[in-house]
Amino acid sequence: MLSFHPMRGWEAASLIAFAYSAVTAALLRRGVASGVRLRALGASVAGLAIATASILAPANVVLHGWLLPPLLLFLFYWTTGLLFVAPMPGVEKVFIQIDKDLHVRELSSHTPAWLVEILEFAYAGVFGLIPIALALHLSFATAPDAERFWLVILATDFVCFGMLPWIQSRPPRALEPGDPWRSSLRSFNLRVLGAASIQVNTFPSGHAAEALVAALLVAALSPWILGVMMLAALAVAGGAVLGRYHYAIDAFAGWFVALAVWMLLG
C-alpha cells in the first residue's frame with residue numbers, strides 16, 4: 001500500500017516547472033525543429049513523472065534529501081536548453097555593450113595570476129557549494145529543513161533556466177577572440193562545458209544565483225560560515241564574468257533572482 005505524505009515544496013515547484021516547459025515546447029516557442037520539440041516534450045514528461053514518483057515514494061533521506069532534487073534541476077536545465085532556436089542579435093548587442101561599459105575584458109586581462117586560478121576553480125566548483133551548504137544546514141541549523149532548502153535552490157534555478165526560451169544568446173567566450181586570461185584550469189572547465197553544458201548562455205546566470213542563494217541559506221548559522229560562503233559566491237560570479245563564461249548582466253540578474261526567491265521562500 002502506498003503511504004501518502006504532503007507534497008514537498010520542491011516537488012510542487014518541479015511539477016510547475018516541467019508543466020511550463022511542456023507548454024512552452026508544445027505551444028509557445030516557435031522555430032524549434034519538430035524532432036527537438038518532441039525531445040523537449042519527452043524530457044518535460046520525464047520530469048513530471050520523476051516529481052510524481054517522488055511524491056508517491058516512501059520518504060527516504062538519501063532519495064529525497066540528496067538525489068532527486070539535483071536530478072530534477074539538471075533535467076530542467078537540459079530541457080530548456082533544447083528550446084534554444086538562434087541567438088538574438090539585439091540581446092547580445094546590449095549584453096556586450098554593458099560589458100564594454102564596465103571594462104570587463106580589461107579587468108580580466110589585469111587579474112593577478114593567483115586570483116585567476118581561484119576564480120576558475122570557483123566557477124568549476126559551484127555545484128559543490130550546494131551539497132556543502134546542505135550539509136552545513138543539516139549539521140548546524142537549530143531547525144534544519146531540507147525540504148525548504150531544496151525548494152529555495154530549485155525555485156531559484158527554475159526561474160533562471162526558465163528564461164532561456166525567451167532570451168537567447170551565446171556566451172561571451174564564443175564571440176570574443178582568444179581567452180581572457182591564462183589559467184591551468186581553463187582547459188578543464190572548457191572540456192566540462194563541452195561535455196555537460198547546453199552550449200548557450202543562460203540569463204540570469206544559474207551559477208551566480210545558485211552560489212548566492214546557497215550562501216543566504218546558511219547565513220544564520222554563524223558569521224564565519226556566512227563570510228566564507230559569501231566569498232565563494234563572489235568568486236563564482238567573478239569567475240563566470242571575468243572568465244567570459246557569462247556576461248556581467250547575467251550575474252547581476254542571477255543575484256536579483258537569488259535574493260528575490262530567498263526573501264519570498266527562504
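Reply: Happy to; here is a walk along helix H4 and what lies beside this helix.

A quick note first: this is a predicted model, where local features need pLDDT of at least 70, side-chain atom pairs count only at pLDDT 80 or more, and totals for chains, interfaces and linings use all residues. Residues are numbered from 1 along each chain as its sequence is written, and side-chain values use heavy atoms, with hydrogens and water left out.

H4 covers residues 89-101; helices here are DSSP runs of H or I with at least four residues, numbered from the N terminus. Its 13 residues reach 18 Å from the first C-alpha to the last, close to the 18 Å expected at 1.5 Å a residue (that is, 1.5 Å times one less than the number of residues).

Now for its two sides. Glu92, Phe95 and Asp99 are the buried residues of H4, buried meaning under 20% relative accessible area and exposed over 50%, with a 1.4 Å probe and protein chains only. In general, an α-helix has 3.6 residues a turn, so residues three or four places apart point the same way. On the other side of H4, Pro89, Lys93, Lys100 and Asp101 are exposed.

What do the buried residues of H4 pack against? Their partners are helix H5 (104-109) and helix H12 (248-265), with contact meaning heavy atoms within 4.5 Å. Finally, H4 is followed by histidine 103, which has a positive phi near 55 degrees.

Terms used. Helix = DSSP H or I, 4+ residues; strand = E, 2+ residues; numbered from the N terminus.
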